[in-house]
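These are my notebook entries on a single structure. I set down what I looked up, entry by entry.

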Amino acid sequence: MFGLIGHSTSFEEARIKARSLGYDEYADGDLDMWCAAPPQLVEEVTVTSATGKTIRGAYIDSVFVPEMLRRFKTAKRKVLKAMELAQKSGIDITALGGFTSIIFEDLNLLREERVSAVQLDWQRFTTGNTHTAWVICRQVEINAPRLGMDLATAKVAVVGASGDIGSAVCRWLQRRGVGDLLLVARRPQPLVDLQESLGSGRILPLDQALSEADVVVWVASLPQSLQIDTATLRKPCLMIDGGYPKNLDSRAAAEGVHVLKGGIVEFWQDIGWQMMEVAEMARPQRQMFACFAEAMLLDFEDIHTNFSWGRNNITLEAMDLIGAASLRHGFSALALDSDQAPESADPTAAPALASA
Ligand code: NDP
């Protein structure tokens with residue numbers, strides 16, 4: 001059985017959802033009341049792979065909302081209690097979605113093995129970052145040529161290059177071969193370490209990288225205040241919005257700038273669940289975050305272990321493995337189309353990305 005731990009995108013949206021589910025007490029409650037609320041297992045589903053294999057899953061709402069991010073103790077408790085509920089519900093492998101994996105890593109929750117009387121078993125959880133990184137790479141590879149770009153000569157900037165997902169994306173791009181790899185983050189030393197390990201790449205400030213890049217992969221949670229001067233961008237420019245929350249489309253709106261939601265996949269058939277309605281997916285019956293899909297893939301493949309764990313541990317081999325499983329079970333990466341349709345509706349038409 002797979003599990004997904006998620007949360008609403010805002011307090012306001014969470015209250016609307018609570019009202020629609022008949023939880024009027026919560027809908028009328030203030031943030032303090034929500035801070036004290038326990039996690040909820042809100043939905044169970046059955047999912048059938050393109051191979052015909054069927055698995056069961058559950059969605060747990062951590063009852064966390066981004067407005068709680070500065071309340072460290074609350075944020076920590078929300079994540080750990082949701083993990084405890086997943087484990088107590090007998091779920092074999094659960095993905096930490098949205099801010100939950102960031103809270104887990106940033107607040108170093110690995111130290112917090114015991115929640116109430118329950119000893120958390122880390123093997124039952126995955127950040128889903130390996131699949132997210134692979135999907136983002138696939139989105140670059142498929143969509144750059146659609147804009148007339150040859151990746152072999154293109155300049156690709158990775159904003160958040162020294163992060164868990166960003167460093168994996170850089171390793172993949174370096175193996176694939178791109179014209180120039182531009183490495184962006186705030187702290188210099190992790191970038192220097194990455195550059196050394198890659199044996200290539202140029203470290204640049206954000207503004208300079210943006211003005212040079214044909215493709216920009218965003219894998220950082222960016223401050224609301226960040227402004228992008230679209231006049232300085234190359235045209236065409238492909239922007240993969242892989243961070244969370246996804247809010248680049250309004251900031252980078254300009255002729256010739258193509259923003260694609262990064263790290264989103266579409267399943268080969270409707271799933272019959274409600275959980276993605278809150279995530280503002282264009283097709284919530286099929287689309288989901290790639291990190292969530294990783295838990296499904298691991299369950300389809302009977303890999304019940306913390307496949308993605310810790311920071312900067314993602315290997316190319318693991319990306320190839322999860323990527324091949326993704327295609328086999330009927331997932332496709334969101335592609336550049338007017339309505340952000342998937343790259344291919346046919347799950348069996350699976351080009352061998354691993355060989356790229
Ligand atoms: P990490 O914390 O490991 O990495 C974040 C990276 O971003 C670091 O390199 C960090 O370096 C950099 N960074 C942070 N703030 C800025 C900034 N203002 N300007 C430039 N660089 C910055 O995070 P992950 O790799 O785990 O996740 C990256 C993003 O992907 C997150 O936003 C996460 O929510 C999102 N995500 C999306 C998924 C999906 O859509 N399917 C699934 C999983 C994650 P430094 O601190 O030195 O600046």
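Is Cys 35 buried or exposed? I found Cys 35 buried, at a relative accessible area of 6%; buried stands for under 20% relative accessible area, exposed for over 50%, and partly exposed for what lies in between, with a 1.4 Å probe and protein chains only.

Basis of the entries. I am working with a predicted model, in which local features need pLDDT of at least 70 and side-chain atom pairs count only at pLDDT 80 or more, while totals for chains, interfaces and linings use all residues. I number residues from 1 along each chain as its sequence is written, and side-chain values rest on heavy atoms, with hydrogens and water left out.

Cysteines. I took a disulfide to be a pair of cysteine sulfur atoms within 2.5 Å, and the count by this rule is zero. Cys 170 is buried, with a relative accessible area of 0%.

Sheet. I used DSSP runs numbered from the N terminus, with helices as H or I of at least four residues and strands as E of at least two; two strands pair if DSSP finds at least two bridges between them. I traced an open sheet of five strands in the order β2-β3-β1-β4-β7, with mixed pairing. Its edge strands, β2 (40-48) and β7 (125-126), each pair on one side only. Strands β1 (residues 2-6) and β4 (residues 93-96) run parallel and are joined by four bridges. I noted Thr 94 in β4 as the bridge partner of Gly 3.

Gly 166. I located Gly 166 in helix α7 (residues 164-176). Gly 166 is buried, at 1% relative accessible area. Which residues does Gly 166 touch, not counting those up to four places away in sequence? I listed Val 158, Gly 160, Ala 161 and Val 219, with contact meaning heavy atoms within 4.5 Å. Between Gly 166 and Ile 136, 30 residues apart in sequence, the C-alpha to C-alpha distance is 9.7 Å.

Backbone. I recorded a cis peptide bond from Lys 235 to Pro 236, with omega near 0°. Pro 236 lies in the loop between β11 (215-218) and β12 (237-241). Ser 116, a residue other than glycine, has a positive phi near 50°. I placed Ser 116 in the loop between β5 (114-115) and β6 (118-119), and found Ser 116 exposed at 54% relative accessible area. Asp 302 also has a positive phi, of about 60°, although it is not a glycine. Asp 302 sits in the loop between α11 (290-300) and α12 (316-328) and counts as exposed at 53% relative accessibility.

On a 1 Å grid over the protein atoms alone, a cavity is a set of points where a 1.4 Å probe fits but cannot get out, a pocket is an open set with protein on both sides within 12 Å along at least five of seven lines, and lining residues have an atom within 4 Å of a point. The second largest pocket has a volume of about 300 Å³. Of its 20 lining residues, I noted Thr 9, Tyr 244, Ala 279, Glu 280 and Phe 289 as the closest to its centre. I found one cavity of 30 Å³ or more; the largest cavity has a volume of about 50 Å³. Its lining includes Trp 218, Asp 241, Tyr 244 and Leu 248. I took volume as the space filled by probe spheres set on the grid points, which are joined across faces, edges and corners.
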